[in-house]
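Hi there,

Here is the structure I promised to pass on to you. Have a look at it first, and my notes follow below.

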Amino acid sequence: MKLNIKDKFNKVLPADPILENTRRQVSKACFSYVLPKETAKPEVLHVSPEMLENIGLSDADAKSDHFLKVFTGNAVLEKTTPYAMCYGGHQFGNWAGQLGDGRAINLCEVEHNNKSWQLQLKGAGETPYSRTADGLAVLRSSIREYLCSEAMFHLGVPTTRALSLALSGDKVLRDVMYDGNSAYEKGAIVCRTAESFLRFGNYQIFAAKQDNETLNALVDYTIKHHFSHLGEPSKDTYIQFFKDVSNRTLDMIIHWQRVGFVHGVMNTDNMSILGLTIDYGPYGWLEGYEYGWTPNTTDSQHKRYRYGNQPNIGLWNLLQLANAIYPLVEDAEPLETILNQYKTDFETRLLNMMRSKLGLKVEAENDQRLVLELEDILHSTETDMTIFFRNLGDFEKDEASKGLGIIQDAFYKPENVVGNIEKRWNDWFDKYAIRLKQESGSDEERKTEMSTINPKYVLRNYMAQLAIDDADKGDYKLIDEFFKMLKNPYDEQPEYEKWFAKRPDWARNKVGCSMLSCSS
């Protein structure tokens with residue numbers, strides 16, 4: 001197994017001088033050296049062929065003993081020095097101080113085909129940033145991260161990726177719902193990959209400690225290696241850097257809204273500086289279309305991270321990043337201008353995204369009203385978001401009266417779609433039909449276009465739970481089935497038709513399907 005290792009982060013930036021793996025506050029350092037924990041009986045369960053190729057490895061490499069050992073933390077690649085990053089963050093709106101890679105260990109950086117990949121093990125043991133935790137991960141959360149990160153990539157959503165999923169062979173004690181009912185679960189390790197795992201919190205921690213020297217070094221490093229198109233570091237470059245991060249963040253969140261993804265824990269330490277979806281914890285996909293839904297039980301009271309609030313939280317988090325880099329810019333006005341632009345762009349791009357979901361290419365004056373009326377009716381009775389928008393592609397502008405029948409399968413309680421609700425749906429379909437006549441393409445062309453925007457298959461919460469339940473019994477076939485199906489989420493794939501279905505009743509209130517914790 002030969003990787004083209006090109007470490008930068010831990011070669012260029014200041015390191016924690018203390019080498020003991022003890023929990024501590026770290027000063028004037030971007031990372032701490034730490035070795036993964038050896039495990040009892042590691043076993044690789046699944047490897048992404050695409051990611052193998054991306055980092056320059058073969059199927060034969062993936063079957064080797066060396067691969068098994070390296071990607072379960074039982075061996076360290078030659079001439080590498082694994083480390084955990086130091087960062088802080090706001091959690092649920094409150095400054096939490098130092099956080100850091102509490103259960104993630106960065107192995108190395110690899111270059112292949114002119115792309116750079118950071119390889120990171122999640123669940124490979126404690127680090128100086130683990131606080132009171134053990135730095136380990138369990139099978140259920142690891143399956144969710146492994147499947148979801150790859151599924152999101154194929155949906156066209158900016159995301160970190162996953163290389164491998166493995167059992168550690170160890171038992172890990174977890175309290176799933178934080179209700180005092182702890183139990184031992186199977187330990188697991190995911191190797192996740194990205195160009196970089198830098199987060200807003202990496203910059204916040206130094207601003208909070210008024211360590212402008214390290215902050216400056218980290219921002220300059222980030223620009224040089226990840227935003228090199230901006231040119232040499234300067235105050236103007238720092239402003240352009242913030243603008244680029246703002247645009248990438250908004251782009252990512254618009255994609256979340258498009259596919260009905262709810263991150264669940266948009267703390268600033270979970271916000272990628274590259275605009276990638278990162279840290280798959282209590283995420284979930286909308287079943288019923290509901291702006292107020294959050295999958296995170298920790299957030300169930302205030303619903304800070306609910307689906308409809310994700311764009312606003314993106315802005316709030318960007319404000320915290322602006323505060324962090326302000327000492328390098330020393331001028332609030334350009335940063336405020338960028339934040340104000342985010343608000344304008346968010347409204348415009350959200351409308352354009354909804355236009356695309358409805359198959360509208362021409363911009364018409366009343367589109368905003370058409371969208372708002374649709375969203376209001378979608379909230380009037382429980383309507384499956386994925387099925388609704390996918391089936392809407394079958395609508396024909398000359399047959400508005402058939403609209404309700406076309407999307408009938410999306411209703412969880414079709415018996416409730418009567419009286420005023422039925423009338424509102426029919427009125428909306430009449431308006432939609434009239435609006436479609438302003439478009440130049442045929443119904444068939446529109447359907448084809450809509451099917452590239454509205455996925456047929458997403459990793460529904462109950463599906464992930466079924467894979468987890470089977471894996472707990474030693475059956476990993478569903479993991480592979482979902483992995484393959486979710487590589488082509490916009491295709492019909494008739495062999496997987498049974499997964500194009502509403503959430504079953506048994507999953508409505510089941511832990512792992514509707515209620516998730518941050519340890520999920």
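Val138 has Gly187 as its bridge partner in strand β10. The model is a predicted one, so I kept local features to pLDDT of at least 70 and side-chain atom pairs to pLDDT 80 or more, while totals for chains, interfaces and linings use all residues. Numbering starts from 1 along each chain as its sequence is written, and side-chain values use heavy atoms, with hydrogens and water left out.

**Around β10**

Strand β10 covers residues 183–194 (helices, H or I with at least four residues, and strands, E with at least two, are DSSP runs numbered from the N terminus). Nine of its 12 residues are buried, where buried means under 20% relative accessible area, exposed over 50%, and partly exposed in between, using a 1.4 Å probe and protein chains only.

Which strands does β10 pair with, taking a pair to need at least two DSSP bridges? Strand β8 (residues 137–138) is joined to β10 by two bridges, and they run antiparallel. Strand β7 (residues 115–122) is antiparallel to β10 as well, with five bridges, and there Gln118 stands opposite Ala194. Between β9 and β10 there are 10 bridges, again antiparallel; Leu167 faces Ala188 of β10 in that pairing.

Leu173 belongs to strand β9 (residues 161–174) and is partly exposed, at 41% relative accessible area. Leaving aside neighbours within four places in sequence, Leu173 is in contact (heavy atoms within 4.5 Å) with Ser182, Ala183 and Tyr184. Its C-alpha is 6.2 Å from that of Glu185, a residue 12 places away in sequence.

**A hairpin and two positive phi values**

Strands β4 (residues 88–91) and β5 (residues 94–98) run antiparallel and are joined by three bridges. His90 stands opposite Trp95 in β5. The hairpin has two residues between its strands, and Phe92 takes a positive phi near 50 degrees there. Phe92 is partly exposed, with a relative accessible area of 26%.

Gln210 also has a positive phi, about 55 degrees, although it is not a glycine. You will find Gln210 in the loop between α6 (200–208) and α7 (212–226), where it is exposed, with a relative accessible area of 71%.

**The nonpolar core**

How many residues make up the largest nonpolar core? It has 158 residues, counting buried Ala, Val, Leu, Ile, Met, Phe, Trp, Tyr and Cys joined through side-chain atoms within 4.5 Å. Helix α8 (residues 235–259) supplies the largest share of this core, 11 residues. The residues with the most contacts inside the core are Phe9, Trp285, Leu392, Trp425 and Tyr432. Not counting residues up to four places away in sequence, Leu392 touches Leu358, Ile407, Trp428, Phe429, Tyr432, Arg446 and Met450.

**Rings and charges**

There are 32 aromatic pairs in the structure. Rings of Phe, Tyr and Trp (its six-membered ring) pair if their centres lie within 6.5 Å, with planes under 30 degrees apart called stacked, over 60 edge-to-face and the rest tilted. Tyr457 and Phe500 make an edge-to-face pair, 6.5 Å centre to centre with 75 degrees between the planes. Tyr457 sits in the loop between α15 (443–450) and α16 (461–472) and Phe500 in the segment after α17 (477–485), so this pair ties together parts 43 residues apart in sequence. Tyr457 and Phe500 are both buried. Ring pairs also link Phe388, Phe389, Phe395, Phe411, Trp425, Trp428, Phe429 and Tyr432 into a cluster.

Two arginines lie over rings (NZ of Lys or CZ of Arg within 6 Å of the ring centre and within 35 degrees of the ring normal). The charged end of Arg161 is 3.6 Å from the ring centre of Phe153, and Arg304 lies over the face of Trp316 at 4.6 Å from the ring centre.

**Cysteines**

Cys30 is buried, with a relative accessible area of 1%, and Cys108 is buried with a value of 1%.

Best wishes

Technical notes
Two strands pair if DSSP finds at least two bridges between them.
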